[in-house]
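Colleague: Could you take me through the salt bridges in this model?

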Amino acid sequence: MTHPTAARFRAVVEAGDLDALEELFTPDIRFYSPVKFTPFEGRPMVLGLFGVLLRTFEDFRYVGSFAGESRTSSDGSEAESAVLLFRTTVNGKEIHGIDLLHFDEEGLIKEFTVMVRPQSAVQVLGQAVYAGLVADGLVPAP
């Protein structure tokens with residue numbers, strides 16, 4: 001059975017409803033990207049990142065889910081977790097990936113990790129997202 005917040009998150013993302021995401025994240029959420037070692041931190045930054053992602057992904061869809069518990073990246077504590085499997089395209093490159101969500105005691109998403117394949121897709125995704133972050137003023141231009 002899917003965690004209730006994961007189900008809500010999936011519906012919100014599939015609808016492209018960026019405004020509804022805010023209530024699903026803790027204020028200090030950490031987002032671990034497949035192209036950046038250090039996490040994006042805090043609700044404003046992560047919401048900005050999702051704005052870029054929702055514009056960048058073509059034909060985004062979730063294709064499966066798993067629920068359970070796993071250790072968080074930030075402190076190694078056990079947390080309720082969900083994995084959402086997805087498929088999408090970025091600049092003509094097909095991407096297979098997973099979203100790993102960790103929940104706090106109130107059921108909000110406190111950590112979010114994305115993993116994608118193949119390597120060539122990681123590179124295309126990284127370039128597209130970086131350009132979007134720069135365009136939105138979320139990271140400095142090179």
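Colleague: Is Arg8 buried, partly exposed or exposed, and what is the relative accessible area of Arg8?

Modeller: This is a predicted model, where local features need pLDDT of at least 70 and side-chain atom pairs count only at pLDDT 80 or more, while totals for chains, interfaces and linings use all residues. Residues are numbered from 1 along each chain as its sequence is written, and side-chain values use heavy atoms, leaving out hydrogens and water. Buried means under 20% relative accessible area, exposed over 50%, and partly exposed in between (1.4 Å probe, protein chains only). Arg8 is partly exposed, the relative accessible area being 41%.

Colleague: Which residue forms a salt bridge with Arg8?

Modeller: A salt bridge is a side-chain nitrogen of Lys or Arg within 4 Å of a carboxyl oxygen of Asp or Glu. For Arg8, the closest N and O atoms of the pair are 3.6 Å apart.

Colleague: What is the N to O distance in the salt bridge of Arg61 and Asp59?

Modeller: Arg61 is partly exposed at 31% relative accessibility, and Asp59 is exposed at 55%. Their side chains meet in a salt bridge with an N to O distance of 3.1 Å.
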